Amino acid sequence: MTTTCIPIKNVSQRADASRYPLDQWYVAGFSSELTNKPIARTFLNQKVVLFRTSEGQVAALEDRCCHRSLPLSCGTVEDAGVRCGYHGLLYAPNGQCIEIPGQERIPSKAKVKAYHVVEKNKIIWIWMPREEGAEPTCLAPAYPFHDDPRYKFGSGNYHYKAPWQLIHDNLLDLSHLGYVHLQTIGGDAKLHMNAPMKVTSEGDQVKVVRLMPNSSPPPTYRAAWPFGEKCERWQEIEFDVTHLRIWTGAVEPGTDAIDDPNRGGFHMRGFHGITPETEETCHYFWSMSSTKHPDMPENIEAVIQQTAFTFDEDRIIIEAQYQNMLEFGEKASWVDIHVDAGANRARRIVAEFLKKQATAELSKS
Ligand code: FES
Ligand SMILES: [Fe+2]
């Protein structure tokens, strides 16, 4: 028998093609987060429970028991799946209820929505489809640096009280380093602002490159590498609709060319998964992989600590920015300056994406 439940608050659990790019792999978390407890997270307005079975399989289900709607994330993880914490229904990673304590027959409707998830390079990716139940149309992105012996990485995540695209804007324009991050990766603000920036795009990706020869090494660089008075810095940002890869670093003057992809020196490879939670909030999953100087073996820990500090600074700025945007309202327009080229290109790509999705939805109705 199925009973109708009475919704108290109608939270949309549907894929919303007008607000978010769909048919995409989004970051759901890092492998290290999934231990023996379920994790509740909302992605693109959809409440999801993430868990790992004792056999190591990662699963993502709608976070609602089909019996009486308790979040499955209030339950426990067992060998075969997740058990609801109210009356004990057990769900397999494919969303099917496989045990009802005290009742032999399992109704065919006793199941919940399951999402495709992939664990790759220590990142958990979730496929957010346009059509419910649709299969992924591409492979989850690769990020080999988490498994590259040349690097060691640390990671973290933030829940942001700000919309996801404000994080894109921030990461696609690193000119803010000289104003926001003086204690870590900043440096001379004028040098950042004056460094020529090259913006290119291909398909849905944007690349921003900025080279800064003759820079003074900022504090994090000095903590990690025995730079002299000057260093030659590079910043390479690659934007994808759901995540960004930012490769920064510096070589000592007179050694490798700063635009040589095989350059040595000090490297910071940042991974940034930006997954909308709602229109006004998002998840920000970051990792930092860095190289180790033989004379400074402790450097990676320092780099990771300082990265976390740096991203705390960004969060303060972005949440304050969004709060002010809310207070001033839509009429308070923005004026573009030269540093916005990469961010604006990415925004156009997302806008185009949403437009195409909206048109496709309209043609269905
Ligand atoms: S609400 Fe989940 S078993 Fe009853
Ligand atoms: Fe920043």
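Q: How many of the residues of α1 are buried?
A: This is a predicted model: local features need pLDDT of at least 70, side-chain atom pairs count only at pLDDT 80 or more, and totals for chains, interfaces and linings use all residues. Residues are numbered from 1 along each chain as its sequence is written; chains are lettered from A and ligands numbered from 1 in the order in which they are written. Buried means that 20 or more other C-beta atoms lie within 10 Å of a residue's own, exposed means 12 or fewer, partly exposed is in between, and C-beta atoms are placed from the backbone. Helix α1 is mostly covered, and its buried residues number seven of nine.

Q: Which residues of α1 are buried?
A: Helices and strands are DSSP runs numbered from the N terminus (H or I, at least four residues, for a helix; E, at least two, for a strand). In α1, the buried residues are Trp164, Leu166, Ile167, His168, Asn170, Leu171 and Leu172.

Q: What span does helix α6 reach from its first C-alpha to its last?
A: Helix α6 covers residues 341–364, 24 residues in all.

Q: Which elements do the buried residues of α6 pack against?
A: The buried residues of α6 are Gly342, Ala343, Ala346, Ile349 and Gln357. They pack against α1 (164–172), β13 (197–202), β14 (205–215) and β15 (231–239).

Q: What is the average twist from one strand to the next in the sheet of seven strands?
A: This open sheet runs β12-β18-β17-β16-β15-β14-β13 with antiparallel pairing; strands pair if DSSP finds at least two bridges between them. The twist averages 15°.

Q: What angle does the direction of helix α5 make with that of β12?
A: Strands β17 (266–276) and β18 (282–290) run antiparallel and are joined by nine bridges, with Phe271 facing its bridge partner Ser287 in β18. Helix α5 (299–328) packs on the sheet, touching β12, β17 and β18. Axes are lines fitted to C-alpha atoms, for helices over the stretch in contact, and angles run from 0 to 180 degrees between N-to-C directions. The angle of α5 with β12 is about 20°.

Q: Which strand gives the most to the side of domain 1 that touches domain 2?
A: An automatic or database assignment sets the domain bounds, giving domain 1 (24–128) and domain 2 (144–354). Contact means C-beta atoms, placed from the backbone, within 7 Å, and 14 residues of domain 1 are in contact with 14 of domain 2. Strands β1 (24–30) and β2 (39–43) each supply at least two residues of the domain 1 side. With six residues, the strand that gives the most is β1.

Q: Why do β1 and β10 each have one side without a neighbour in the sheet?
A: The open sheet β1-β11-β10 has three strands and antiparallel pairing. Strands β1 and β10 (117–120) stand at its edges, so one side of each lacks a neighbour: each has a single partner strand.

Q: Which residue in β11 is the bridge partner of Gly29?
A: Six bridges join β1 to β11 (123–128), and the two run antiparallel. Gly29 has as its bridge partner in β11 Ile124.

Q: Which residue takes a positive phi in the hairpin of β2 and β3?
A: Strands β2 and β3 (46–52) pair in the antiparallel sense over five bridges; Ala40 has Val49 as its partner in β3. Two residues lie between the strands. The residue with a positive phi, near 50°, is Leu44.

Conventions
Expected span 1.5 Å × (residues − 1). Contact = placed C-beta atoms within 7 Å.
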